Amino acid sequence: MAKRIIYPLYQLGNPQLRIFRPTFNLTLVRPGKEQPPDTVQFRIPMEMTKFDVRNYLEKIYSVPVAAVRTRIQYCTNKKRNHSNQRVKRPDYKVAYVQLAQQQTFQFPDIFPEKDKKHEEGSVEEMQEKFMEDERQRQKSDPRRGGVTEWFGL
Amino acid sequence: MFCCSYILLSDRWRCTLPFIVSSDIVKMAAAVTSRLTAAVCRQFQRVVTVSSHTQSQYAAQASSKFHSCQRRRMYDSWWFRSALNDRALHTSCVRKGLEDFFDLPENWGEQTVKSGAPWTAKQLRVKSNEDLHKLWYVFLKEKNMLLTLEQEAKRQRLPMPSPERLKKVERSIMRLDTVVKEREDSLRLLQTGQERGRPGEWRRNVFGKTFWYRFREHPIPWYLNSRYKRRRFFEPSHVAPYTRLSLEKYLRSKIRKETRENRNQKRLAAMFPKKTALASDH
């Protein structure tokens, strides 16, 4: 659907256009600046409008939307590659969606620290053990009390 | 026009079907199912509390929500070699749907997340139109989730767990699109005999090349469209010799290729005559 789509021409009085299989992808992003608690930040394709975002979220994700504001982020064309050609970083559109019904949203921590317990006899377990032994061997003698081994004795 | 009817919606899958063709039957069915699901989900909503403005940590909310709202396991046919993980699909009932932008909380922080093979066109052709429509939205939501994960990984400067999932979903989407296009093409051919959905015609451009021009919709006729009139769809007289020359070049290259092939075959036949092959058999 996405490649060079041409929508039917709209003139006043035409029925509402309905898309059966939308190809628009929304990316939820962590806001760079502090946003109010009911605001969710998305990166949306350039062709989407505020109404599209509202319908998309309401129909596909059943998220009640109060307001949508959009802006286009221009990204640099100044960077150059190894052959001194200018490299453009693609522009993107950002949508700030405010949730209705006094809902709030806080971007979660998707990469929490997890201490892994490898199962007995697995390859990772043996690797971990080996690394531990290596580190132990590399450490200096604790009886020297932090004195470097450069000096004799 | 490919229209799908949702008359056979079971209340198990209350897929949020956004842009459906409105027909009375469908509306009624949708209303019935929505009422059913609303009734079901009201129970859930009683358990799930609406967050207030004051500090409600998403994590705390999420844990309560995930435990309260049931995870319903879809039948095997849905997950038959799906592109997605072997997690249980949760049907999107009326809850705060922003959780669908993230993976299951068990997978947060993992280095790798297991996922199956992508759907092939052969598997997709077996599915009905309704199933394909629903699958499209499953793929769409999965892709959104993966894109969110990718962007957050870039922000946190950490590797994204199992980036091959994105490629799998993209391929599944492309194959689904292919299957739907095939069905639309065959329907159109049978009903109207038209080969293409979008009308067009063969035209010659200013450089003498013949190409398939696809029509667009305009609110005004072509003779009032100044920009269209500047686009010349005829070959000027001084370009005609070059068209002939390029045609000759093309024909020459084709003939050369054929003669080269024939010569190569003759050389191989001389090197490996058929008689010896037959003799070795006997």
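Predicted model: local features only at pLDDT ≥ 70, side-chain atom pairs only at ≥ 80, totals over all residues.

Let me begin with the extent of the interface. The size of an interface is often given as the accessible area lost when the parts come together. Here, chain A and chain B bury about 4800 Å² between them. Carbon and sulfur atoms account for 62% of that area. In terms of residues, 57 from chain B are in contact with 48 from chain A.

How many salt bridges does the rule find across the interface of chain B and chain A? The number is 3. In one salt bridge, the side chain of Asp177(B) meets that of Arg21(A), with an N to O distance of 2.7 Å.

Which elements of chain B give two or more residues to the side that touches chain A? They are α5, spanning 129-156, and α6, spanning 164-191. The largest share comes from α5(B), with 15 residues. By residue class, this side of chain B comprises 26 nonpolar, 16 polar and 15 charged residues.

Ile220(B), Trp222(B), Tyr223(B) and Leu224(B) make a nonpolar surface patch of about 470 Å². Of these residues, Tyr223(B) lies in the loop between β2 (210-214) and α7 (226-230) of chain B.

Thank you; I would welcome your comments.

Definitions and conventions
Residues numbered from 1 in each chain as written. Chains lettered and ligands numbered in written order. Heavy atoms only, no water. Contact = heavy atoms within 4.5 Å. Buried area = accessible area lost by both parts, 1.4 Å probe. Salt bridge = Lys/Arg side-chain N within 4 Å of Asp/Glu carboxyl O. Helix = DSSP H or I, 4+ residues; strand = E, 2+ residues; numbered from the N terminus. Nonpolar A, V, L, I, M, F, W, Y, C, P; charged D, E, K, R; others polar. Patch = residues over 30% accessible without salt bridge, like charges linked within 9 Å, V, L, I, M, F, W, Y side chains within 5 Å. Areas by Shrake-Rupley, 256 points an atom, 1.4 Å probe, with all protein chains shown as cover.
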